[in-house]
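Work through the following exercises with the model in view, and try each task before reading its solution.

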Amino acid sequence: VAAADGDAKMRALINTYLSLCACVMSSFAASALVTPKRKFSMEHIQNATLAGGIAVGAVADMVITPFGAAFIGTCAGALVTLGFRFVQPFLANKLKINDSCGVHNLHGLSSMFGGLLSVIFAAIASPKVYDQFNSAADDPALSSFKEIFPGGGIIPADDWSQAKQAGVQVAAMGVTLAMAIVGGLGTGALLRLVGKVQTYSTAGTKHGAVSLPVEMLFDDAGYIHNHQEEQRQEAETGAGEDNNNFSADLV
């Protein structure tokens with residue numbers, strides 16, 4: 001929205017708002033539908049309710065109509081909820097890929113959905129749709145269509161077409177996926193190396209080749225100092241010393 005200007009900014013604000021509203025509604029509905037006891041899952045709600053903003057991001061400044069924005073948000077909320085319910089367990093159990101924060105479900109699925117939408121809306125874009133109520137459409141500087149699709153850059157202005165713009169969107173998705181895969185594999189390899197080198201016990205003290213047990217891998221106590229726990233232990237220690245002193249005085 002910050003990068004958009006003119007009509008594009010107005011469309012981006014309205015489309016994002018409508019998509020988020022629809023996403024919230026579909027997230028709650030889908031969560032109750034796929035949860036065994038037909039109750040809302042907070043994991044679904046706190047993540048899937050953001051999916052509409054992510055999915056509509058690539059097309060927010062395009063002419064997608066209010067219904068289109070709401071439809072995108074509805075699909076995104078349901079898609080991410082299904083990702084948490086079915087895709088994440090599949091990745092963990094079958095492929096041994098542990099997405100502990102559900103990043104793939106919220107950001108991965110939503111962004112892929114948004115990328116495909118950008119291909120579709122770029123392919124069907126036309127000056128008639130963007131400038132049908134614009135009396136200054138003949139002026140490139142005032143044309144809403146030229147504001148979104150100015151031409152130039154990768155595609156020369158005199159050779160631009162909807163099909164070529166859609167192809168650029170597909171290429172951008174491919175580049176993004178390649179960067180994500182390479183970056184993810186590199187990060188995973190680095191963390192795996194760190195895991196082999198790191199030798200901490202559950203108390204956080206070095207003990208040779210002893211490493212954290214599996215049940216502690218996602219427990220903050222193995223890595224982060226807990227001030228509340230320390231205060232509780234100090235309070236218990238102080239209370240114990242007071243009791244011992246009291247007993248000694250009685251003797």
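**Exercise 1.** How many helices and how many strands does the secondary structure of the protein chain come to?

*Solution.* This is a predicted model, in which local features need pLDDT of at least 70 and side-chain atom pairs count only at pLDDT 80 or more, while totals for chains, interfaces and linings use all residues. Residues are numbered from 1 along each chain as its sequence is written, and side-chain values use heavy atoms, with hydrogens and water left out. Helices are DSSP runs of H or I with at least four residues, strands are runs of E with at least two, and both are numbered from the N terminus. Counted in this way, the protein chain has nine helices and zero strands.

**Exercise 2.** Describe how helix 4 and helix 5 are placed relative to each other.

*Solution.* Begin with the axes, which are lines fitted to C-alpha atoms over the stretch in contact, with angles from 0 to 180 degrees between N-to-C directions. Those of helix 4 (residues 65-93) and helix 5 (residues 103-123) come within 9 Å and cross at roughly 135°. Angles under 35 degrees count as roughly parallel, over 145 as roughly antiparallel, 65 to 115 as roughly perpendicular and the rest as oblique, and the two helices are therefore oblique to each other.

**Exercise 3.** Which residues of helix 4 and helix 5 meet?

*Solution.* Contact means heavy atoms within 4.5 Å. On the helix 4 side the residues include I72, L79, F84 and L91, and on the helix 5 side they include H104, L109, F113 and F121.

**Exercise 4.** What share of the residues in the protein chain is buried?

*Solution.* Buried means under 20% relative accessible area, with a 1.4 Å probe and protein chains only; such residues make up 29% of the 251 in the chain.

Terms used: Buried means under 20% relative accessible area, exposed over 50%, partly exposed in between (1.4 Å probe, protein chains only).
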